[in-house]
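Biologist: I'd like to go through the salt bridges in this one. Can you bring it up?

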Amino acid sequence: MNFAEYRRAFQPKCPQILEQVESLQFVQEKELSCDPNIEPLFPHTARQSLLVAKKGGEKLSRVLQIGVVFSGGQAPGGHNVITGLFDTVKKMHPQSKLHGFLGGPDGILQSRSLDLTKEVLASYRNEGGFDLIGSGRTKLESEEHMKRSLKTCQSLGLDGLVIIGGDDSNTNAALLAEYFLANHQATTVVGVPKTIDGDLQSENIPISFGFDTATKVYGELIGNITKDALSAKKYYHFIRLMGRSASHVTLECALKTHPNLTLLSEECLADNTSLLRVVDEIATLIERRETLDRLYGVILIPEGLLEFLPEMKRLIETINELISEGTKEEKIPQKLSGEESKVFSQLPPSIQKQLLLDRDPHGNVQVSQIETEKLLIAMVKKRLEERKKFHGTFRAVPHFFGYEGRSGYPSNFDANYCYSLGSIAAFLVREKKSGYMAACGALHESPGTWEPKAVPITSLMQLEKRKGKKVPVIKKSLVSFSSEAYRTFVARKDAWKWDDDYQMPGPIQLFGPEELADAPPLSLRKSS
């Protein structure tokens, strides 16, 4: 038996209440408020109540036809959402069928799907990646998209459509749910929270799936680098981590590995920290560590940092605005104001080019593609030379950890969590609860005691300006300064600067003591 075969045999654990297939229902717990600006746009799905699983209900006697789609980037555990969905609908009725749309939302628009059978799914249980049916980033926004999606669901006779994705993908789910109800389409639309960034969360959605696995992968890599830094004693490692807007990934990895310095975008935003101030903070760290005879260190950087620094934020917003107005890239530098032009001119040519070229689907600068770690290395080197307090040789090594964490074997936590989310989605389709996102509470406890929930997607939404106009989107959740994870970080981060309290989490544990193998993210754990 090879490892893949061994892993496929793993049986995910899920909340015990979900085993009550014939006597389980989701009941209203409390109404969740909705942004007043959102409510008029979603008359059929706004102001829905939070649902919780309770014993009770009637046995399902009809066959269910359900479609499922991956949307957006990969996250470990996606296949377990599908197997959890499949196993549950088969328990509800053995003749129920699951259709996997191919290539993401485009599969819905083009009505391309695969019949997901027990045999097809057998080799994908507990596997990483999204290769079973593929994924895509098409936004289901236009009236034409809505009509084609409705037609596809009608042609397949779908009772439900499960959209596995992040904030934009679940915004698509909310729009489809509203459109279907407005047009008397019987297909129930359910979302599943997926993103390694961890920024799709709320009071009732503790974390998105994939976050645990990705941060454990990055934690191992960072831990290895800390040991190398401590061994070689001559390199500063600048490590940028995937996370786009929020710093959840960076914070989790800091708690796992104890680097010398961790930059959090949210702290920079709250303190109105400039780029030069960040550079000075790093330079001061390097200078003081030299007095301790330490010419090495490890620095963590969230990939979205630049958008949270005031002068860079203004520069990026101006460039986005000029691009939306049709300004050619080569003309943009000439149209910048005096202050913005000054900031732009201080950046290395490679960073200037990255700011002007690649755009995301919304027409904005792809901040995630900017090599912030290289920018900081160049500026810190220059600053050290200017201040003349550092007398050693500044040797820096840039790293970016991103795709390495997106498609690996899911951790036990993610395998269990995803399987549970798929099962919850099946119940929501059975009960025709459209416009909801599957969720679980009490994730810091053992899987058997997790609390299945369903959260109205509209309760997570706000209006946001994209391509020059305000549209409804799910609000990204940033690191909370009141969270236990952040308070722990604050209490320890200064000591980490000088003490070299490096930790090596090691590889993901898939078997062994439950406190290691089934451990949730540190960000979710409660104090004892």
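Biologist: Which residue does Arg8 form a salt bridge with?
Modeller: Glu127, with the closest N and O atoms 3.3 Å apart. A salt bridge here is a side-chain nitrogen of Lys or Arg within 4 Å of a carboxyl oxygen of Asp or Glu. This is a predicted model, where local features need pLDDT of at least 70, side-chain atom pairs count only at pLDDT 80 or more, and totals for chains, interfaces and linings use all residues. Residues are numbered from 1 along each chain as its sequence is written, and side-chain values use heavy atoms, without hydrogens and water.

Biologist: Where do Arg8 and Glu127 lie?
Modeller: Arg8 is in helix α1 (residues 3–8) and Glu127 in the loop between α4 (118–121) and α5 (143–156), so the pair ties together parts 119 residues apart in sequence. Helices are DSSP runs of H or I, at least four residues, numbered from the N terminus.

Biologist: Is Glu127 buried or exposed?
Modeller: Buried, at 15% relative accessible area. Buried means under 20%, exposed over 50%, partly exposed in between, with a 1.4 Å probe and protein chains only. Arg8 is partly exposed at 31%.

Biologist: What about Lys216 and Asp212?
Modeller: Their side chains meet in a salt bridge, 2.9 Å from N to O. They are four residues apart in helix α7 (residues 211–232), about one helical turn. Lys216 is buried at 13%, and Asp212 is buried at 1%.

Biologist: Which residues are linked in a network of salt bridges?
Modeller: Asp280, Glu287, Arg383, Glu386 and Arg387.

Biologist: And how many salt bridges does the count come to?
Modeller: 23 by this rule.

How values were computed: Helices (H or I, at least four residues) and strands (E, at least two) are DSSP runs, numbered from the N terminus.
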